Amino acid sequence: MNRHIAIVGFGRVGSALGYTLINKGLVSHLTIIDTNNVKATSHALDLRDALIALNQDVSISVNDTKDMLKADIIVVAIGPANITSLDRLDEFHSNKMGIQTLAETLRKAQYHGIVLNITNPCDVITQVLQAASGLPKSRVFGTGTTLDSLRLQRLLGEHLDLNPADIDGYMAGEHGDSQFVAWSPMRMAGVPAEQWNISDDDKVQIESDVMRSGAVIYNGKGCTEFGIGAMAASICQAIFYDSQKIYSLSVYDESAECYISHPTQVGKTGLGRRFTLKLNDKEQARFEQSAQIIRQYVAME
Ligand SMILES: NC(=O)c1ccc[n+]([C@@H]2O[C@H](COP(=O)([O-])OP(=O)(O)OC[C@H]3O[C@@H](n4cnc5c(N)ncnc54)[C@H](O)[C@@H]3O)[C@@H](O)[C@H]2O)c1
């Protein structure tokens, strides 16, 4: 079966995704796009070596825009030349120009496929990408708080001695510093989180640990790539298999008037049903504050 993915921005995140797609046999054709042609070409050579060892059959092209436009899915993982801040919003100005150029290319070609954005600030960049490309909102979305929600499952699983997969819980709001744990709608084994006797102090600590996770990894190794690469590969798989799986994706919210994370189904035509978490008043206020931050950055465009 022909499965074609283009990855724009083949740095640490893009290459981790590329390797995961190949290793899992999820792609038959991979297009690598990166402004650093030497790096992109070298990654392609390295992956072609890996293909033999992995017994996978994938054709790989490099910096071929026409080929990119034939892809079923374009994943955006452009990054700034150098950034020292850990606040994802600080990346906006350096990533914006590359995103607008890409959006213009997609608009002119009336790109037919699905665009999945990873580049930070994820919600803001996804909104800029959709608006400037003019592509339907159902086909342009971001990874949002999918990775943060995984971290929540991991940390809460450790705290409650549960398998992370058995925690039906989400980080809500912006993929950034204003995100928060949506405790009210969370369930484990069908039992609401509030009945699991998690103390207020522990709740504060778990939320803080989730939000510091990225910084802890970044401080230790200078990037975070495997978690997000694996997550993005899982979303691509859900698209190819039309699995209608639910992820906490950055999608357009008409009431909030911005892209922000909501549990949303994904399949071969893009987004499916979107679900609204039942938040309490305090959580709702945090959601609205988060949306306001995203809108402010979008308005800076
Ligand atoms: N959404 C998430 O959960 C999440 C998680 C981790 C990282 N990120 C984000 O992913 C992005 C990439 O991170 P990274 O660690 O891979 O950075 P990186 O610096 O390793 O890679 C970025 C790559 O993009 C390339 N690039 C820059 N501008 C380009 C353009 N206009 N067209 C094509 N290629 C271009 C660079 O040459 C580089 O190879 C960052 O914005 C980072 O914050 C998001």
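**Exercise 1. In which segment is Met 1 found?**

Work out its place, then decide whether Met 1 is buried or exposed.

Step 1. Met 1 sits in the segment before β1 (4–8). Strands here are DSSP runs of E with at least two residues, helices are runs of H or I with at least four, and both are numbered from the N terminus. As for the numbering, residues count from 1 along each chain as its sequence is written. And keep in mind that this is a predicted model: local features need pLDDT of at least 70, side-chain atom pairs count only at pLDDT 80 or more, and totals for chains, interfaces and linings use all residues.

Step 2. Now count neighbours. A residue is buried if 20 or more other C-beta atoms lie within 10 Å of its own, exposed if 12 or fewer, and partly exposed in between, with C-beta atoms placed from the backbone. Met 1 has 4 C-beta neighbours inside 10 Å, so Met 1 counts as exposed.

Step 3. For a sense of distance, take Gln 179, which is 178 residues from Met 1 along the chain: their C-alpha atoms are separated by 39 Å.

**Exercise 2. Describe the overall fold of the protein chain.**

Step 1. Tally the elements: the protein chain has nine helices and 14 strands.

Step 2. Check the radius of gyration, taken over C-alpha atoms, against the globule rule, 2.2 Å times the number of residues to the power 0.38. The chain comes out at 19 Å, close to the 19 Å that the rule gives for 301 residues, so it is as compact as a globular protein of that length.

Step 3. The C-alpha trace spans about 55 × 45 × 35 Å along its principal axes, and 44% of the 301 residues count as buried.

Step 4. Look at contacts, meaning residue pairs whose C-beta atoms, placed from the backbone, lie within 7 Å. Of those between residues at least 6 apart in sequence, 69% join residues at least 24 apart.

**Exercise 3. Which residues touch the most other members of the largest nonpolar core?**

Step 1. Such a core is a set of buried Ala, Val, Leu, Ile, Met, Phe, Trp, Tyr and Cys residues joined through C-beta atoms within 7 Å. As a background rule, nonpolar side chains tend to be buried together in soluble globular proteins.

Step 2. Of the 83 residues in the largest core, the ones to pick are Ile 5, Ile 7, Val 75 and Val 76. Both domain 1 (4–142) and domain 2 (146–300) give residues to this core, so it lies between them.

Step 3. Zoom in on Val 75: leaving out residues up to four places away in sequence, Val 75 touches Ile 5, Ile 7, Leu 17, Leu 116, Ile 118 and Ala 232.

**Exercise 4. Describe the shell around the ligand.**

Step 1. A residue belongs if its C-beta atom, placed from the backbone, lies within 6 Å of the molecule. Of the 29 residues around the ligand, Gly 9, Gly 11, Val 13, Gly 79 and Gly 98 come nearest.

Step 2. The elements giving two or more residues are α1 and α4 (92–109), and α1 has the largest share, three residues.

Step 3. By class, the shell has eleven nonpolar, 13 polar and five charged residues. Domain 1 (4–142) and domain 2 (146–300) both contribute, so the shell lies between them.

Conventions:
Contact = placed C-beta atoms within 7 Å. Domains from an automatic or database assignment. Nonpolar A, V, L, I, M, F, W, Y, C, P; charged D, E, K, R; others polar.
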